[in-house]
Amino acid sequence: MMKLSRQFTVFGSAIFCVVVFSLYLMLDHLQLDHTKSPNGGDRLQNGQLSILQDKIDRLERLLAENNEIIANIRDSVINLKESVKDGRGGPDSGNMSQGPYPDLLVSPPLVLPIDSQDCQFAARQFSKPADGVQLLDVYDLLTFDNPDGGVWKQGFDITYQENEWDSEPLQVYLVPHSHNDPGWLKTFDDYYRDQTQHILNNMVVKLNEDSRRKMIWSEISYFAKWWDNIDNQKRDAVKSLVERGQLEITTGGWVMPDEANSHYFALIDQLLEGHQWLEKNLGVKPQTGWAVDPFGHSPTQAYLLKQAGLANMLIQRVHYSIKKHFASQKTLEFFWRQNWDPASSTDMLCHMMPFYSYDVPHTCGPDPKVCCQFDFKRLPGGRVSCPWRIPPQPITDVNVQQRVQMLLDQYRKKSKLFRTKVLMVPLGDDFRYTEALEWDQQFQNYQKLFDYMNSHPELHVKAQFGTISDYFGALRKSAMDPGHASLSLPVVSGDFFTYADRDDHYWSGYFTSRPFYKRLDRILESHLRGAEILFSLALANIQRAGKPNGFPSVESYRLLTEARRNLGLFQHHDAIAGTGKELVVIDYGTRLFHSILNLKQVMVNSAHWLILKDKNAYSHNPSKAFLQMFKTFVLPKCFSSRSVVIYNPTEQDRMSVVTVYVNTPHVRVDTSHSHPIPAQVSAVWDDATTASTELSFVVQVPALGLGVYHLSKAEEGGAETAQYLFLRQGGELSLSVKHFTVNNPQDDTTPVSIHNPHLQVWSSATTGLMERLKLKEDGSEHRIKVEFAWYGTTSSRDKSGAYLFLPDGEAKMYSPAQSPVIRVTKGSVFSEITTTFDHVTHTLRLYNVQGVDGQAVEICNSVDIRGEFNREIAMRLTSDLDSKDRFFTDLNGFQIQPRRTMAKLPLQANFYPMTSMAYLQDSGTRMTLLSAQSLGSASLKSGQLEVIMDRRLNQDDNRGLGQGVLDNKVTSNSFRLLLEKRAKTDNEKPSPLSYPSMLSHVSSLYLNHPLIPMAVSTEAGSLSLTRFSPLASSLPCDIHMVNLRTIQSKVRDEAALILHRKGFDCALSNRNTGLLCATTQGKIRTEKLFSNLRLGSIAAVSLTLMHQTEGGSSQEEISLKPMEISTFRVQLT
């Protein structure tokens, strides 16, 4: 009874707090009104009545909201009393953190309790630093013409005076590198076998021959594979090369990732995997990022490297007009700052390479014809030669002076593009230094050149081999202002998309190429995150209980590691980008698919232990799984029920719809305490008109927790059956459907409509495509028209391919050869409209639930363009929003980048990557498209948003792939469409800052991380199951648990807890979200984080655990700034 009275006390306190908080809000609002009221006698008198009326209206509204909140809590208390009467409040009902009503969570408040201080971050104005460069401004400034620049085709003539280096000599660092793609024209394993292992083996020998030689290496995926295959003697040799500074590991990620399509979860994960490997095997902490080949660059990557503790970074593939502009302004070296950073805490020292490519002809200076003569792999008699037809010459005593003059001239010209007398010159290319001969050719010839330069002081040059960090060290030293200790370099904010390497060749095709695999990538991400968290929680609970009982922790950790590495491999800039050869794409896909299956196994194993009431009853039998994840739930013939365990991988207590296939339409769903819950049996349509059955039901599952539900046969009183309406213009339909009511009316001119508590959608009766959307909260109606369109490819010589988008003009509207079949489903859990065209099956779905899932229109397109020739298919949304030429896309699911559609740029240049969302807005409304996969998007006209869903291209686009894109699959693209009211703002100035709403953030989270159902084996017998509720409560609304990743350390298992505090815009409504969270100014009390686990230790560390950060190891409170991603090394006990 003590426990019960304590619970009543807590509820009493909660009611009191809410009342006080509401009254405080009222007073606060009245106070605000008072400060806004006009001064002056007459005006006050005239406006007094209307002001008083406004106050009364506002007070009534606040009281209504307050009453609703009180009513919610009263209902919860009644639930509590009933559960006590039923004897369900005892200690066996799982952990008590959610309150003792084990099936239902607390009713959500009408309005989210957002701390007013948490709104200030998004509300502040952008302020550009005095020496700042904002890339949106650069785009405004440039004409994007493309005049012939002479030997530097895309640049300008560079001149210098001979005496410029008299007082301070030119310091040259030649940086040998070999760019190893983990899959492109060959698979990862084939490249390793044929090239990479030889490069690394030769490196050990050749660097040891001369201590002046240097080399950098980036891709840990290859390095780790090689390390596993070499003996201890060779490993020791590698360690001493690293210690002597001859070999530098740059970036240290598993791969050099694509920066357009990759989600920040995967970017962090592949960096963590690489850094953890380095810590364990080499004891190395990378200092400098090296990204010479990703096709455009994102500030998200700069932020992640900064958070990981790196000091410098280098980028290469940037639009040639921007390179030229930066070169002319001498801003190629800069501090890259996040748009949203009001200070300088995110500043990252960055070097942008000035010329066309990272190969030797385009790196020693502006003239590739000259530079090619200093790529000694191209000496006569070799396999590669110079396209300019002047070969290199071996350096001899006879020609060294003349050759030095030629090379030094290039070095000096290149150095004129920078602010200091320190110059970095890369020496390498794809898969270079495979043979011992090449090592000798490059290093011996360059050493002769350097010896001559360094022994002739009148040349005023000091040249040497260096690593990239050697160069950045010298740059920092040289760029220090004599007066104060900060670098005299500019600050740049913004991103470097969309990339063009020449002419109108914009690399916006790869934002969509191979969309099937882009979707698979996100499914693996969701599975990996879910499995990591559940495994970490299971491991901690098992250790706490002291009952391992054969739990397969070693095998699970092996599967997790393999999945981390397969996901990491796929972030490579030729993998998720969709720019590899067909057989390589198949290799990646196989790895992704196997890891998804393996992670299901990890989740099932972890959930098995956590869900058992009696832990002594646990036993692991790999041949007879206790839980299963498969499509169809077969209900036994007799009247016994089948249990379903539902895993909620998000950090919010969640009410969502779960769908499973069933073998009978006569079914009911109960909670674990035999309360029936709303459920709907629908047809699963094998094609447009024939079907089997599925069951959808509304569940409530605690944050990161497991819920238990029972399915049983019910001839009556079970799930409601959906009703169907079929439409097809001028065509007869033959329908074969059992168990369902189906109408096929002949009058098909009236618009079709579906609705839920929040929204109503009207679709065309001839196409089934959406035409209007109504928000029920305020009754406002908007025209939002869904259409499909085709892009062709240009008739000129260069055509679209895997990388490039070169359309033949504006899109042509999709018009099907025959009238589509339209199917309207109406049910108690969801309603939907599905149209079956020849190339697309398009579904609009509304969930009949209060809260997050009910506020959005779910859109699913199943696309099949396998029979097409040089065509790309787009979905276009045309609305009545007055968005002008502005729209917004996200970068890596982490931040929003405002965009401008520019008439001075070709159509393909106005496409940008959309990793997880894009939106349009005007003064009163925002329309957001949330996406479950990365695709290319654009807003080519005011009020219009479009995404390219698939591309089929019959030729190579001359970027080295040597193939078109002809391996298309039937691909499902999933989206959610949100329409939100904005607080009206007059004269809104364009700003580089924008943030999603809280609803948008959570809706995106739910779309990307669906609930995961698992069936309890029919052979499980009568074992008692209990829900699992690991968190004391939902996390604050704006804090996302990126991961809880088990780290195998020397002493005992630890975990990396990675948290992200999201920036959100308070000018959009926070009503009816259905969420049970609040915001807390980014603070979390560590002892109140978990319900039954304790944080034995918690240490703030850098993003990938390489460095300890200030804050000690016994933190009582976690505190995050808006947008911050932070990692904590934790021990759960």
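# Exercises on a predicted model

Pro-366 lies in the loop between strand E8 (348-352) and helix H11 (368-371). Helices (H or I, at least four residues) and strands (E, at least two) are DSSP runs, numbered from the N terminus. This is a predicted model, where local features need pLDDT of at least 70, side-chain atom pairs count only at pLDDT 80 or more, and totals for chains, interfaces and linings use all residues. Residues are numbered from 1 along each chain as its sequence is written, and side-chain values use heavy atoms, with hydrogens and water left out.

## Exercise 1: a proline in a loop

Decide whether Pro-366 is buried or exposed, then list what it touches.

Step 1. Look up the scale: buried means under 20% relative accessible area, exposed over 50%, and partly exposed in between (1.4 Å probe, protein chains only).

Step 2. The relative accessible area of Pro-366 is 7%, so Pro-366 is buried.

Step 3. Now find its contacts (heavy atoms within 4.5 Å). Leaving aside neighbours within four places in sequence, Pro-366 meets Val-151, Trp-152, Ile-158, Phe-355, Gln-410, Lys-413 and Lys-414.

Step 4. Check Gly-150 as well: 216 residues separate Pro-366 from Gly-150 in sequence, while their C-alpha atoms are 9.4 Å apart in space.

## Exercise 2: disulfides

Find how many disulfides the structure has, and describe three of them.

Step 1. Apply the rule that a disulfide is a pair of cysteine sulfur atoms within 2.5 Å. Searching the whole structure gives four disulfides.

Step 2. Take Cys-364 and Cys-371, whose sulfur atoms are 2.0 Å apart. Their link has -85° about the S-S bond and is left-handed, and both cysteines are buried.

Step 3. Go on to Cys-372 and Cys-386, joined with an S to S distance of 2.1 Å. This link is left-handed too, with -100° about the S-S bond. Cys-372 is buried at a relative accessible area of 0%, and Cys-386 is buried at 8%.

Step 4. Finish with Cys-1037 and Cys-1077, whose sulfur atoms lie 2.2 Å apart. The torsion about their S-S bond is about 110°, so this disulfide is right-handed. The pair is 40 residues apart: Cys-1037 sits in the loop between strand E41 (1012-1016) and E42, and Cys-1077 in the loop between strand E43 (1054-1061) and strand E44 (1083-1085).

Step 5. Write the pattern, counting bonded cysteines along the chain: 1-7, 2-3, 4-5, 6-8.

## Exercise 3: a buried serine

Step 1. Because its relative accessible area is 4%, Ser-879 counts as buried.

Step 2. Not counting residues up to four places away in sequence, Ser-879 touches Arg-783, Ile-784, Leu-920, Met-927 and Gly-943.
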